[in-house]
Amino acid sequence: MPAETLDELVALCKRRGFIFPGSEIYGGLQGTYDYGPLGVELKNNLKQAWWRRNVYERDDMEGLDASILTHRLVLHYSGHEATFADPMVDNRITKKRYRLDHLLKDQPEEVLRRLYRAMEVEEGNFHALVQAMMASPERAGGAMTAAQVLDPASGEPGDWTPPRYFNMMFKTYVGPVEEEAALAYLRPETAQGIFINFKNVLDATSRKLPFGIAQIGKAFRNEITPRNFIFRVREFEQMEIEYFVRPGEDEYWHRYWVEERLKWWQEMGLSRENLVPYQQPPEELAHYAKATVDILYRFPHGLEELEGIANRTDFDLGSHTKDQEALGITAKVLKNEHSTQRLAYRDPETGKWFVPYVIEPSAGVDRGVLALLAEAFTREELPSGEERIVLKLKPQLAPIKVAVIPLVKNRPEITEYAKRLKARLLGLGLGRVVYEDTGNIGKAYRRHDEVGTPFAITVDYDTIGQSKDGTTKLKDTVTVRDRDTMEQIRLHVDELEGFLREKLRW
C-alpha cells in the first residue's frame, strides 16, 4: 500500500538520507530543509527530466537562469510590493500566529457555520468569508473569538486579534549601508526574471511567436505557517515556463499546456487518479489572471496544488515595458515611469508592435519530490510473511540506478571484480552507480528496495569462474535483480550496457 501518512515519508526521508530538517543541530529553522545524498539525486533527476522535455525536446523554448537578488522596482511594478501578502491572525492566549485561511479550513463545521452567520456570508462560500473578514478586521477578530475558533496548538478556543495582511517577501540590502535606496528582495518567484529578460532573449535568439522561456530556480517566501514537511516552506525551488503567444490564441495555448503538464506528471510516475485538474472560479483568480487551472495531487495530508497553469494575459510584459500608452495593453497595470526597454513584439507581416499574452505553467520542485515519494512508497507483505518497504520510482528518476554488490566481502577476487564493474557501468553515464559492500546480500537488497534502486547486480563465485560444479561456463556473468518483482536473471557483463540503456531510457 502507498504511504498513508506524512509521518511515514518523513521517517523514511530522515532514515535513508533523502531530506533533513534545516539547521537541525541548533534546534532547526522552521520552513527550511536540507536535501541529503539521495534527496539531491532525486531532485536533480526530476529537474533534468523537466528541462529535457521542455527545453531540449521542443523547438519553441529557450532556457534562462536569472538572478535571485531582485531590484525593488521589478517587484513594485509586478504588484508584489502591494499585493504579495497573506492574511495573518494571532491568538492572544497562546501567542501563536496563523495564516487565516489555513486556520479556518481546519475548523470544525459548527465553528465555520457560526462565522458565516457572524460575517453575513452565504454558508459554503469560503473565499467570500475570508474576503469579508479582511474587509472588516475588527469585526472579524471578535467574530472568531465569539465563534470559538480553535487554536491548533492547544485545541482550545482562542482570543483572536483582528486579522491583517503580511507581505511575504524577504528584504535585504545591497552594499554596505542599510538604507532605503539599497533595498532589494530575494525573489518570491522565478517568473519576474523571465519577464524582464524578454527583450534580451528575443534579440539574442530571433524567436517568433509562440515561444517560451523556461527556468528552474530558488524562490523565497516568508510563509506565516510553513507546514506539511516540504510542501509549504520558506525556501523552495520552482520549474516555470512563460510561454508567449498572440492575443486571441491564448485560450488555445492555455488548454494545450494544461494537457501537456498533466501528461508529463503521469510520465513521471504519478497516477491519473491522484491528479485532479481544478479550474479556479473567478473570485479565486489572481489579479493578473484571465484563467488558471491548478493540477492538484492527493498528498498524504490532502488534496493540494502541485502545479498551476495560468493565463496571465499581457499583464506582466505590460507592467514592465516602457511606452505603455502606445502598445494597447489590455490588462490593468501600474504606470511605469522607470523601464528603459519596450517589452513588445513586432509583427513581421504588419510591422505593428503589440504586447504578447503569456501562459505560465509553474510547478514546485519540492512538491514534485514529495508527490513522487508519496506515489512510490509501497509496503508489501512477502510470501515469507515478512514485510518490505519499496520505493517504486520510475527507474529514470531513482537516486541510484544500479547497486553492484559482491556476494561476500572477504574474497578479493570477488570484491575487486565488483569494483571494476561498478567503474565500467558508471562510465555509461546513466546516473549514479554504487558499490555496496555490506557482506549481507539480503540486507543490501532491502536497503536498495527502500531507496528505490531499480537494479541490483551481484558478483558471485560463478562470475569469477569458480562455480560449484567446477565449470567456468558462467564466468563473467552476474545476477541482475529487479526491484519491483524481485526476480533475478543472469547476464554476461558485456550484455549489461544494452540491458540498462533499454531499461533507463525515457
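## Annotated binding site

In an unreviewed UniProt entry, the feature "binding site" is placed at Arg99, Glu189, Phe236, Glu237, Gln238, Met239, Glu240, Glu360, Pro361, Ser362, Ala363 and Gly364. These positions span 266 residues of sequence and are also spread in space, with up to 26.1 Å between C-alpha atoms. The coordinates discussed here are those of a predicted model.

With neighbours within four places in sequence left aside, the contacts of Glu237 are Lys43, Lys47, Ile216, Gly217, Lys218, Ala363, Gly364, Val365 and Asp366.

## Annotated domain

The unreviewed UniProt entry also lists residues 7-395 as "domain: Aminoacyl-transfer RNA synthetases class-II family profile". In the model, this span is 32% helix and 26% strand, and its end C-alpha atoms lie 25 Å apart.

## Aromatic pairs and charges over rings

Across the whole structure, a search finds 17 aromatic pairs. One of them joins Tyr243 and Trp257 in an edge-to-face arrangement, at 5.4 Å centre to centre and with 65° between the planes. This pair links distant parts of the chain, since Tyr243 lies in strand 11 (residues 235-245) and Trp257 in helix 11 (residues 250-267), 14 residues apart. Tyr243 is buried, at 0% relative accessibility, and Trp257 is buried as well, at 0%.

Trp253 and Tyr256 form another edge-to-face pair, with 5.1 Å between centres and 80° between planes. Both residues lie in helix 11, three residues apart, about one turn of the helix. Trp253 is buried, with a relative accessible area of 14%, whereas Tyr256 counts as partly exposed at 26%. Tyr243, Tyr252, Trp253, Tyr256 and Trp257 together make up one aromatic cluster.

Charged side chains also sit over aromatic rings. The charged end of Lys43 is placed over the ring of Tyr35, 4.1 Å from its centre. Arg367 lies over the face of Phe231, at 3.8 Å from the ring centre.

## Nonpolar core

The largest nonpolar core contains 63 residues, and Phe18 and Trp265 have the most contacts inside it. Helix 13 (residues 365-376) supplies the largest share of this core, eight residues.

Apart from neighbours within four places in sequence, Phe18 is in contact with Leu12, Cys13, Asp34, Tyr35, Gly36, Leu38, Gly39, Leu42, Leu373, Leu391, Pro399 and Val451. Among these contacts, Tyr35 is the residue whose ring lies under the charged end of Lys43.

## Helix 16

Which residues of helix 16 are buried? In this helix (residues 496-503), the buried residues are Leu496, Phe499 and Leu500. Viewed down the axis of helix 16, the buried residues fall within an arc of 90° and therefore line one face of the helix.

These buried residues of helix 16 pack against strand 20 (402-406), helix 14 (412-426), strand 22 (455-459), strand 23 (477-482) and strand 24 (488-492).

Methods
Residues numbered from 1 in each chain as written. Predicted model: local features only at pLDDT ≥ 70, side-chain atom pairs only at ≥ 80, totals over all residues. Heavy atoms only, no water. Phe/Tyr/Trp six-rings, centres within 6.5 Å; stacked < 30°, edge-to-face > 60°. Helix = DSSP H or I, 4+ residues; strand = E, 2+ residues; numbered from the N terminus. Buried < 20%, exposed > 50% of the residue type's maximum accessible area, 1.4 Å probe, protein only. Lys NZ or Arg CZ within 6 Å of the ring centre and 35° of its normal. UniProt positions renumbered as here; feature names shortened; annotations may be inferred. Arc of directions from axis to C-beta. Contact = heavy atoms within 4.5 Å. Core = buried A, V, L, I, M, F, W, Y, C linked by side-chain atoms within 4.5 Å.
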